[in-house]
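Please take a moment with the sequence and the model below before reading on.

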There are 2 protein chains.
Amino acid sequence: MREGDKPTVISKQALQRLPYYIRFLRGLKEQGMRIIAAPAVAAQLGLNEVQVRKDLAAMSNSHGKPKAGFIIAELIENMEEALGYNNSDDAVLVGVGSLGRALLGYGGFAECGLNMVAAFDADPALTGGRICGKPVFPMSKLNDICSRMNIHIGVITVPAAAAQAVCDELVKAGVLAIWNFAPTHLTVPPDILVQSENMAASLALLSNHLRQRLREENL
Amino acid sequence: MREGDKPTVISKQALQRLPYYIRFLRGLKEQGMRIIAAPAVAAQLGLNEVQVRKDLAAMSNSHGKPKAGFIIAELIENMEEALGYNNSDDAVLVGVGSLGRALLGYGGFAECGLNMVAAFDADPALTGGRICGKPVFPMSKLNDICSRMNIHIGVITVPAAAAQAVCDELVKAGVLAIWNFAPTHLTVPPDILVQSENMAASLALLSNHLRQRLREENL
């Protein structure tokens, strides 16, 4: 973003599409392409053409000359900046069960600007060592470590019953955004963002679709 | 659902709330409660009261007598039936990287009616054994095993570049619903449901919120 510019306000829905655009555009760039038109992006990603044109225009310095197409390198740079891929965010994770371990070991977060620096667990048998290179501390150290390292993102992978207490501790320790994998509703102050990954809800949709389809086939 | 009844049509949003209701209501039942009013549920789960009342009425045999409250056991039973928790769905998983392994080992799916029966991977070094008790087969066996076992749900945990090809193979093998963890858009025939877990998109929201908050604090 050019200095002095008012930051572009991007809708939540548009923000969520950016990682898909970036991935696709990076592929084009690697193939040596320089310019892309909105309809080609829309077709490839299965999105609405008007929406794509609007998204790309918002991420283009020229704000889009309709017939000329968009400059791929410029789109990538602006999208990466909008998502903060360039200045990596440090995060801690609480709960090193199977899902927590998988997230600690997942390489894909680094390229999205998320840097997992430490993990915590309430079970003393799991703390004191390292998982995928990340140190695992007891919960008693959470406040101290988060404050000292200036951590702003907390990832919650504890059971549902423990999630609200963990969330409260993270907020107390200065966390501003919470990524919640526990299947429960979390209550936070108004200036804190909770993004929940709702696996049970996804399963509910899949299972219901299946039952409808199988019912139709049996008719 | 009573026999002969027309199946209740439930919105996608309402379906996604059911797992939260079930978890909360099971807790109340364990504490010996028999009746619950919509406002108490709404307050506890941070949901809109009118919406909760409508959801619970749709899941109640009496369709809700406003002042009397809802019978907890009846709500749980009807919700579990709507979500198919009672007749478990067999699923296969493709891609036994760190996320795939975590999902294979995750105990929480069984209670939601999802039964992971087998996994597949393209890497011969990873196939032939078992992960968390589930056999891991080479991709060449996918069609045969899915057809023979009458599998209707496929879970995709491969890298983005491989996801569409895996999706196509699953659909060819008779899968009707796909749970996609690869960060990419999947194209499927109109009667197949794709439910995507969009981790990069969630991260985009978290990261953007953080940048806004930090900018405000620096003003």
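In what order do the strands of the open sheet in chain A follow one another? In this model, which is predicted, the open sheet of chain A has seven strands, and their order reads β5-β6-β4-β3-β7-β8-β9, with mixed pairing. At the edges stand β5 (130–131) and β9 (193–196) of chain A, each of which pairs on one side only. Strands of a sheet pair through backbone hydrogen bonds, in either the parallel or the antiparallel sense. One pair to look at in this sheet is that of strand β7 of chain A, residues 153–156, with strand β8 of chain A, residues 177–180, which run in the parallel sense and are joined over four bridges. Within this part of the sheet, A:Ile156 stands opposite A:Asn180, a residue of β8(A).

Helix α2 of chain B (residues 38–45) packs with helix α3 of chain B (residues 49–58) at an angle of about 120°, and their axes lie 8 Å apart. On the side of α2(B), the contact is made by B:Ala38, B:Pro39, B:Val41 and B:Ala42, while α3(B) brings B:Glu49, B:Val52, B:Arg53 and B:Leu56. Of the residues in this contact of α2(B) with α3(B), six are nonpolar, two are charged and none is polar.

A further pair of helices brings the two chains together. Helix α5 of chain A and helix α5 of chain B, each spanning residues 98–105, pack at an angle of about 180° with their axes 9 Å apart. Since an angle over 145 degrees counts as roughly antiparallel, α5(A) and α5(B) are described in that way. The contact is formed by A:Ser98, A:Leu99, A:Ala102 and A:Gly105 of α5(A) together with B:Ser98, B:Leu99, B:Ala102 and B:Gly105 of α5(B). These residues of the contact of α5(A) with α5(B) divide into four nonpolar and four polar, with no charged residue.

The same surface serves both copies, since 100% of the contact residues of chain B recur in chain A.

Conventions. Residues are numbered from 1 along each chain as its sequence is written. Chains are lettered from A and ligands numbered from 1 in the order in which they are written. This is a predicted model: local features need pLDDT of at least 70, side-chain atom pairs count only at pLDDT 80 or more; totals for chains, interfaces and linings use all residues. Side-chain values use heavy atoms; hydrogens and water are left out. Contact means heavy atoms within 4.5 Å. Axes are lines fitted to C-alpha atoms, for helices over the stretch in contact, and angles run from 0 to 180 degrees between N-to-C directions. Ala, Val, Leu, Ile, Met, Phe, Trp, Tyr, Cys and Pro count as nonpolar, Asp, Glu, Lys and Arg as charged, and the others, Gly among them, as polar. Two strands pair if DSSP finds at least two bridges between them. Angles under 35 degrees count as roughly parallel, over 145 as roughly antiparallel, 65 to 115 as roughly perpendicular and the rest as oblique.
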